[in-house]
Amino acid sequence: MAHILIPVLLMVTSLLASADSLPGRAIIDFEPNNSLDAAESIQLGREVDGNLASMSDVDVYKLTVDKTTKLEIAFRSELSEGNGWQYELLNEDGRILGASFCNFTNCQNGETLAAGVQSGTYYLKVLPESDSSNESFLPDGAYFFTITAVDDFSTVEFEPNDRVETSQVVNFNTAYEGQLLGMSDVDYYKVTVDKTAKLSLAFQSELSEGNGWQYELLSEAGSILGASFCNFTDCQNGETLSVGVQSGTYYLKVLPETDSVNESFSAGWGLLFYPHAG
Ligand SMILES: [Ca+2]
Ligand SMILES: [Ca+2]
Ligand SMILES: [Ca+2]
Ligand SMILES: [Ca+2]
């Protein structure tokens, strides 16, 4: 009898060192660039050198993507700032596809945010991390980022996936990375099983979060076959949920653990999952 081990769900935001800067070729923050309409055009693979001039400064950059791909945003700061930068990848309609806060030495060392996108126009919006208007919260120094398109996009989440109808198809033996973008984000993934099997879903978060993730394995009709809350270091260490299933279509639904709409409960920014068959 064949056995199928199934999906593993890990939650991760990849943090990688950013590429070396190329000062002579950097694109400079050219004001005013404070809105989507006034966005400054940038290019893939070319570093942008910007700064926030005040707590009301917002820098919006615009780029065009001509294929389905994974965008990697390597972001870093000149200085280590406790009140750092917030940056968001937006689609043409202004919907957030990925976002991060960048601060302290983590930001100075650089981090990478990845998101799957279709061909189209996208924006990167940079603003102060704090939403205070007090200028003492303004991060000093420059920020730098480079957006690159990576052909290996099979392991990344594609928004929008907030409904069963728009769920993302995933395969076994592949790790998928995504994120919850706020308390209203829900992520659906879809997997097809071709025989009676044991479905195993492993789930892990990058960070230890007290208000963590909730995930459910659903049948095609929407009944919950298995579910778990994943939080604190237990989630960071990873856990596995297993259920026996018949052949058919199944959905994995991921949402914030708490049903509060308070964004302070937002469970980190990273999500990676790994469906596995063996
Ligand atoms: Ca600026
Ligand atoms: Ca600006
Ligand atoms: Ca998501
Ligand atoms: Ca979603």
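Gln-168 stands opposite Tyr-189 in strand 14. The model is predicted: local features need pLDDT of at least 70, side-chain atom pairs count only at pLDDT 80 or more, and totals for chains, interfaces and linings use all residues. Residues are numbered from 1 along each chain as its sequence is written, while chains are lettered from A and ligands numbered from 1 in the order in which they are written.

- Five strands form an open sheet with mixed pairing, in the order 12-14-19-16-17.
- Strand 12 (168-169) and strand 17 (224-230) are the edge strands, each pairing on one side only.
- Strands are DSSP runs (E, at least two residues), numbered from the N terminus, and two of them pair if DSSP finds at least two bridges between them.

**Strand pairs**
- Strand 12 and strand 14 (residues 187-193) run parallel and are joined by two bridges.
- Seven bridges link strand 14 with strand 19 (residues 248-256) in the antiparallel sense; Lys-190 has Tyr-251 in strand 19 as its bridge partner.
- Strand 16 (residues 213-219) and strand 17 run antiparallel, with six bridges between them; Glu-216 is opposite Ala-227 in strand 17.

**Ile-147**
- Ile-147 belongs to strand 11 (residues 143-150).
- Ile-147 is buried because 23 other C-beta atoms lie within 10 Å (buried: 20 or more other C-beta atoms within 10 Å of the residue's own, with C-beta atoms placed from the backbone).
- Leaving out residues up to four places away in sequence, Ile-147 touches Leu-44, Leu-63, Leu-71, Ile-73 and Leu-124; contact requires C-beta atoms, placed from the backbone, within 7 Å.
- Leu-63 is 84 residues from Ile-147 along the chain, and their C-alpha atoms are separated by 9.2 Å.

Note on methods. Helices (H or I, at least four residues) and strands (E, at least two) are DSSP runs, numbered from the N terminus. A residue is buried if 20 or more other C-beta atoms lie within 10 Å of its own, exposed if 12 or fewer, and partly exposed in between; C-beta atoms are placed from the backbone. Two residues are in contact if their C-beta atoms, placed from the backbone, lie within 7 Å.
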